[in-house]
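Let's walk through this one as a set of quick questions and answers. Have the viewer open and follow along.

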Amino acid sequence: MSVIAFDARRPRASRVDGKRYALLRAPTAAPVMIESTCRHRGGPLDLGDVVCAADGTRAVLQCPWHQRSQPLTTLLRQALPTVIRDGAHGVFILPFETGDRSCK
Amino acid sequence: MQKHTKPVLAGAPKIDLSGMDAFKDCLLQFGNTPLFFDCEEWETDENPYRRTLRPHVFKYLDFSTTLDRDELLHYTSLTANRILTTIYELDFVFWPRHITPEKLADFHKFYSPELRQLAAVIRPGLERFVFGFLESAVEIGGPWNAASVIALFEDFAGRAKKSGPLPMLQAVRNSADPKHALKTLLLQLAPDFLVESSPMMRNVIGDYGEMQSALFKIVIDEFGYGVHRTKHSTLFKALLTSVGLGDDAHRYWQFYLTTSLMLNNYFNMISLDHRKFFRYVGAIFCAETSFIPLCAQMAALCREIHPDADATYFDEHAHIDVDHSRMVLESLVKPALSAGGDWAASEILRGFQEALLLSEISEADIIAQIRWSDENPALKQLHTALFARIESGQVVVPMQTFVEPRGELSVTHVHDGDELCHVSAGVLRFINGHDRYERMEPGQGIIIRRNRLHGAIVETDECTYHIYSLGDAKACLS
């Protein structure tokens, strides 16, 4: 496992070992780090918007490239363990070893 | 297994002890104890039962909400934390070195059932008021489990070993008066170190398996294996006397900063409420691990600034806390994670983060107080320019006038905004730390920064002074 520190006050995109991670702030849950690459064509989810799904039943995160969306509930289930202290000092855990210990 | 299938006392009246009416009545009655009234000395001479709380102000304070993050240094917070420390320590045995009939009467009053009953009613409300902000200040998300918590803690321990110069100690080193700054810092550690591990003892009693014995092993170290001269609080007392300070408990009560009390109160709070035991496990890992670099650097700092300082206390901790950090991780954190599952992981993580945050807040407060003490001569000079603006009508702010007799002591306190003190007759000694002050004659005064702990005493037969509520001194000067 790898412990990655980040500044939660900074814009959402973070990069570890070349991979993008984003802080997802869902309305009803604590903020969590998620993989920020859209599974469709690799769009930057950190630049996406949280919107109401077309059927009006749930909140989704919409990728800015092709407007593909993923339910927040799914993203929250896949989120990484994250803790933020005092609105600034963030840490998340990657399930593998990495040489890159802080976000860029 | 016993089962209760219906209420034992159906229809019994419900007594609401958590309502604000009961809280207020009990708070006022608690404050109406002479032990807590204002005093005439800056130091409390060998009487651990006397702790001034400025109870005459209680009726004006609102403890019904929770403090916001930016209100932690406010006066209401100082008061709540002074009361909480007093309440928690009703459980601890204090006995002064020299007893007198007056002190014996105080002893009986301090430990009286009436005071304990009142304390039991007001404590939960004060804890909610002081510590409620932590719930949102520590945000935990995602699937934390035993493995991820252990990874985080091992990473924290690794970083602690490589820690560079700590900012709080640098502030002491860089102070205009490092000896005084060092004393200021030591005084902030006294609420914890003079009764060291007493909160921890609350968790040693009971029956919870091997974790209990693991914690007890740490307690044994803290208490010096029953040899009084090696008890950690004894070592700390030796340090205090070696730098010219008194070593009796709470002699310097008036000089404890709000957040020094708050950090200490936190450990009492999570130790007293056993629902928070797993938070305690995380918090004590934070404390034992953070202490390794802190104590190593403190030992060096004490000797550097005060060559005669007996820094054995910090030497001992720099050494033994390497073991304690490992022991807590292996024999408390890991078993607690196994015993409590993912719920325990979240609780342990929360305790760790809350303790870390309160330590950071306390360190920032100590640094600010040290710098402000140094800044006082300049703030006295700045009074002239600001008072001229008030006199000319350029700055219009509320003002209160006080006429006080010789020896009238204004117990240390803080203001929520910047203030200007102006003396128009007599002489006022303005206290900005233990044994540190500015003397102000007629026409002189000082800007008092918000949240900074200070007091005053009249040096002439009478003194007339005025307090102007500036809010923001910088804005008034620009």
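Contact here means heavy atoms within 4.5 Å. Keep in mind that this is a predicted model.

Q: Which elements of chain B do the buried residues of α11(B) pack against?
A: Start with the helix itself: 8 of the 11 residues of α11(B), residues 232-242, are buried, so this helix is largely enclosed by the rest of the structure. The buried set includes His232(B), Phe236(B), Leu239(B) and Leu240(B). Their packing partners in chain B are α8 (178-193), α10 (210-222), α13 and α14.

Q: What is the phi of Gly244(B), which follows α11(B)?
A: Most residues other than glycine have a negative phi. Gly244(B) is a glycine, and its phi is positive, near 90°.

Q: Which residues does Tyr266(B) contact, once its neighbours within four places in sequence are left aside?
A: Tyr266(B) is one of the residues that touch the most other members of the largest core. With those sequence neighbours set aside, its contacts are Phe131(B), Leu134(B), Ala283(B), Gly351(B), Glu354(B), Ala355(B) and Leu358(B).

Q: How many residues apart are Phe156(B) and Phe285(B)?
A: Over all chains there are 32 aromatic pairs. In this one the rings are tilted, at 6.4 Å centre to centre with 55° between the planes. Both Phe156(B) and Phe285(B) are buried. Phe156(B) sits in helix α6 (residues 146-161) and Phe285(B) in helix α13 (residues 277-305), so to speak distant parts of the chain, with a separation of 129 residues.

Q: How far from the ring centre of Tyr437(B) is Arg429(B)?
A: There are two arginine-over-ring cases to look at. The charged end of Arg51(B) sits over the ring of Phe94(B), 5.5 Å from its centre. Arg429(B) lies over the face of Tyr437(B), and its distance from the ring centre is 3.8 Å.

Q: Which element gives the most to the lining of the second largest pocket?
A: This pocket holds about 780 Å³ of space. Its lining has 34 residues, with Arg54(B), Phe402(B), Ser410(B), His413(B) and His415(B) nearest the centre. Among the elements that give two or more residues are α2 (75-88), β2 (399-405) and β9 (462-471) of chain B. The top contributor, with 4 residues, is β3(B).

Q: Which element supplies the largest share of the lining of the largest cavity?
A: The whole structure has 3 cavities of 30 Å³ or more, and the largest has about 90 Å³ of space. Its lining includes His180(B), Gln188(B), Gln369(B), Asn432(B) and His434(B). Elements of chain B that give two or more residues are α8, α14 and β5. The largest share, 4 residues, comes from α8(B).

Q: What is the relative accessible area of Asn376(B)?
A: Asn376(B) is in helix α14 of chain B. Not counting residues up to four places away in sequence, Asn376(B) touches Phe430(B), Asn432(B), Glu438(B) and Ile446(B). Buried means under 20%, and Asn376(B) is buried, with a relative accessible area of 0%.

Q: Where is Ser197(B), a residue other than glycine with a positive phi?
A: Phi of Ser197(B) is near 70°. Ser197(B) is buried, with a relative accessible area of 8%. Its place is the loop of chain B between α8 and α9 (198-201).

Q: Is Asp86(A) buried or partly exposed?
A: Asp86(A) is found in the loop between β8 (82-85) and β9 (89-94) of chain A. Its phi is positive, near 60°. With a relative accessible area of 27%, Asp86(A) is partly exposed.

Definitions and conventions
Residues are numbered from 1 along each chain as its sequence is written. Chains are lettered from A and ligands numbered from 1 in the order in which they are written. This is a predicted model: local features need pLDDT of at least 70, side-chain atom pairs count only at pLDDT 80 or more; totals for chains, interfaces and linings use all residues. Side-chain values use heavy atoms; hydrogens and water are left out. Rings of Phe, Tyr and Trp (its six-membered ring) pair if their centres lie within 6.5 Å; planes under 30 degrees apart count as stacked, over 60 as edge-to-face and the rest as tilted. Buried means under 20% relative accessible area, exposed over 50%, partly exposed in between (1.4 Å probe, protein chains only). A charge sits over a ring if NZ of Lys or CZ of Arg is within 6 Å of the ring centre and within 35 degrees of the ring normal. A nonpolar core is a set of buried Ala, Val, Leu, Ile, Met, Phe, Trp, Tyr and Cys residues joined through side-chain atoms within 4.5 Å. On a 1 Å grid over the protein atoms alone, a cavity is a set of points where a 1.4 Å probe fits but cannot get out, and a pocket is an open set with protein on both sides within 12 Å along at least five of seven lines; lining residues have an atom within 4 Å of a point. Grid points are joined across faces, edges and corners, and a volume is the space filled by probe spheres set on the points.
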